[in-house]
Amino acid sequence: VQLQASGGGLVQAGGSLRLSCAALHTLSDYDMGWFRQGPGKEREFVAVISWSDGSTLYTDSVKGRFTISRDNAKNTVSLQMNSLKPEDTAVYYCAAGDHRSGFEDEYDYWGQGTLVTVSS
């Protein structure tokens, strides 16, 4: 499974961005997650959506601000990010795995990452 993330950019605090993750092959059998790695930080879990029932999980710091969604027919997963904060600055990665998990070891396929910079 090849994944390609896009949609990153520079935005002011309080603004919004929508990230997309596109696959060359079907994503219907995979749980899809977003992770991020900020400057000088380890990569961390952001959100995941199940392929079977569309259920979602979010890390606490983005709850109420970010929304993950998927379109299995188009083989895409999106992350709508609202009320962005400078601490959201990071490279964002999409990933595909077999479990709706917050642990990156559970994911088998990764996109190349897209940079989000939030200015104060």
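**Figure 1. Asparagine 75 in its loop.** Asparagine 75 sits in the loop between strand E7 (66-71) and strand E8 (76-81). The model shown here, as in every view, is predicted. Asparagine 75 is not a glycine, yet its phi is positive, at about 55°. Most residues other than glycine have a negative phi. The relative accessibility of asparagine 75 is 16%. Buried means under 20%, so asparagine 75 counts as buried.

Figure 2. Serine 83 belongs to the loop between E8 and strand E9 (90-97). Its phi is positive too, at about 50°, although serine 83 is not a glycine. Is serine 83 buried or partly exposed? Serine 83 counts as partly exposed, with 40% relative accessibility.

Figure 3. The whole structure holds 5 aromatic pairs. One of them joins tyrosine 30 and tyrosine 109. The ring centres are 5.8 Å apart, and the planes make an angle of 90°. That pair is edge-to-face. Where do the two residues lie? Tyrosine 30 is in the loop between strand E3 (17-23) and strand E4 (31-37). Tyrosine 109 is in strand E10 (residues 107-110). The pair therefore ties together parts that are 79 residues apart in sequence. Tyrosine 30 counts as buried, at 17% relative accessibility. Tyrosine 109 has a relative accessible area of 30% and is partly exposed.

**Figure 4. Phenylalanine 35 against tryptophan 110.** Here the ring centres of phenylalanine 35 and tryptophan 110 are 5.0 Å apart. The planes of phenylalanine 35 and tryptophan 110 meet at 55°, so the pair is tilted. Which strands does the pair link? Phenylalanine 35 comes from strand E4 and tryptophan 110 from strand E10. The two residues are 75 residues apart, in distant parts of the chain. Phenylalanine 35 is buried, with a relative accessible area of 1%. Tryptophan 110 is partly exposed, with 25%.

**Figure 5. The aromatic cluster around this pair.** Which residues form the cluster? Phe35, Phe45, Tyr107 and Trp110 make up one aromatic cluster. Phe35 is a buried member, at 1% relative accessible area. Trp110 is a partly exposed member, at 25%.

Figure 6. How many helices and strands does the chain have? The chain has 0 helices and 11 strands. Among contacts with a separation of 6 or more, 57% join residues 24 or more positions apart.

**Figure 7. The chain as a whole.** The C-alpha trace spans about 40 × 25 × 25 Å along its principal axes. The radius of gyration is 13 Å. A compact globule of 120 residues would have a value near 14 Å, so the chain agrees with that expectation. Buried residues make up 42% of the 120 residues.

**Figure 8. Surface and charge.** The accessible surface comes to about 6100 Å². Carbon and sulfur atoms hold 46% of that surface. How many side chains are positive, and how many negative? There are 10 positive and 14 negative side chains. The centres of the two sets lie 9 Å apart.

How values were computed
Residues are numbered from 1 along each chain as its sequence is written. This is a predicted model: local features need pLDDT of at least 70, side-chain atom pairs count only at pLDDT 80 or more; totals for chains, interfaces and linings use all residues. Side-chain values use heavy atoms; hydrogens and water are left out. Helices (H or I, at least four residues) and strands (E, at least two) are DSSP runs, numbered from the N terminus. The radius of gyration is taken over C-alpha atoms; the globule rule is 2.2 Å times the number of residues to the power 0.38. Buried means under 20% relative accessible area, exposed over 50%, partly exposed in between (1.4 Å probe, protein chains only). Contact means heavy atoms within 4.5 Å. Accessible areas come from the Shrake-Rupley method with a 1.4 Å probe; for residues, only the protein chains shown count as cover. Lys and Arg count as positive and Asp and Glu as negative; His and the chain ends are not counted. The place of a charge is taken as NZ of Lys, CZ of Arg, CG of Asp or CD of Glu. Rings of Phe, Tyr and Trp (its six-membered ring) pair if their centres lie within 6.5 Å; planes under 30 degrees apart count as stacked, over 60 as edge-to-face and the rest as tilted.
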